[in-house]
Amino acid sequence: MIAPEKSKLGPVLRELYPAFASLDAAALEAVLDKAQVVALTAGTPLFGEGSVCRQFPLVLEGSIRVAKVGEGRELHLYRVTPGESCVLTSSCLVGGRDYPATGVVESDVRLVVLPKVAFDELMATHAPFRQYVFGLFAERLTEMMGLVEAVAFHKLDRRLASALLGHGRVVEMTHQQLADAVGSVREIVTRVLRSFADQGLVKSGRGSIEVLDAARLRRIAEGD
């Protein structure tokens with residue numbers, strides 16, 4: 001018999017995650033019977049780089065921030081909000097790999113957490129869920145490859161940090177103008193600026209960027 005709290009989650013899961021909509025009541029109950037319902041406060045680590053991946057979280061409320069940390073700096077990769085799933089978790093479960101990045105609760109979350117056995121069963125037997133997971137791969141891969149190219153290969157973070165310096169506290173430039181200045185495209189520059197903002201280095205406004213920490217930007221520009 002499914003726990004009373006879990007019995008109320010069926011309609012919520014069907015609404016947020018359409019891949020569950022075609023599961024009949026008995027099949028969905030079997031999935032939820034294996035799952036845990038977890039509530040975590042902001043700032044709680046969800047997984048760390050190198051940690052073993054054993055569960056698949058489905059976000060009902062709040063958000064999770066996924067980032068790559070190295071050399072004293074943090075690169076924002078993406079957020080997971082209600083109705084979304086973590087592509088790194090999916091890939092680690094499918095490939096049997098450890099996590100290559102970190103995940104931290106950004107705002108208080110409530111999750112349905114599926115153990116690997118339930119995830120594997122859904123992947124093997126339920127085509128809509130399988131299509132959802134592989135569709136997630138395609139969507140996130142495009143975003144992350146652009147980010148890798150910009151930051152890891154071309155050191156766009158350094159060029160952008162340099163471009164923001166020497167104009168005073170407020171840089172009167174749009175994201176497109178900054179992209180033109182550093183020889184990139186607006187979408188990639190916006191991602192790097194979002195990473196800077198998450199680190200407290202800048203604050204984006206309409207048609208301008210406010211520099212909050214010029215010293216740290218200078219260190220990034222110099223490759224420190």
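A bit of bookkeeping before you click: Ala, Val, Leu, Ile, Met, Phe, Trp, Tyr, Cys and Pro count as nonpolar, Asp, Glu, Lys and Arg as charged, and the others, Gly among them, as polar. This is a predicted model, where local features need pLDDT of at least 70, side-chain atom pairs count only at pLDDT 80 or more, and totals for chains, interfaces and linings use all residues. Residues are numbered from 1 along each chain as its sequence is written, and side-chain values use heavy atoms, with hydrogens and water left out.

**Stop 1: the cavity**

Select Leu 46, Phe 47, Pro 57, Val 59, Ile 64, Val 80, Ser 85, Cys 86 and Thr 89, which line the largest cavity. On a 1 Å grid over the protein atoms alone, a cavity is a set of points where a 1.4 Å probe fits but cannot get out, and lining residues have an atom within 4 Å of a point. The elements giving two or more residues to this lining are β2 and β3, and β3 has the largest share, three residues. (Strands are DSSP E runs of at least two residues, helices H or I runs of at least four, numbered from the N terminus.) By class, the lining has seven nonpolar, two polar and no charged residues. The space inside is about 40 Å³, counted as what is filled by probe spheres set on the grid points, which are joined across faces, edges and corners.

**Stop 2: helix α4**

Now select residues 87–95, helix α4. Val 87, Leu 88, Thr 89, Ser 90, Cys 92 and Leu 93 are its buried residues (buried is under 20% relative accessible area, exposed over 50%, partly exposed in between, with a 1.4 Å probe and protein chains only). Just past α4, click Gly 96 for a positive phi of about 65 degrees.

**Stop 3: the second largest pocket**

Next, select Val 38, Leu 40, Leu 46, Phe 47, Val 52, Arg 54, Gln 55, Pro 57, Tyr 99, Leu 111 and Val 113, the lining of the second largest pocket. A pocket is an open set of points with protein on both sides within 12 Å along at least five of seven lines. Its space comes to about 220 Å³, and its lining splits into nine nonpolar, one polar and one charged residues.

**Stop 4: Val 52**

Finish by zooming in on Val 52, in the loop between β2 and β3. Val 52 is partly exposed, at 47% relative accessible area. Leaving aside residues up to four places away in sequence, Val 52 touches Asp 98 and Tyr 99 (contact means heavy atoms within 4.5 Å).
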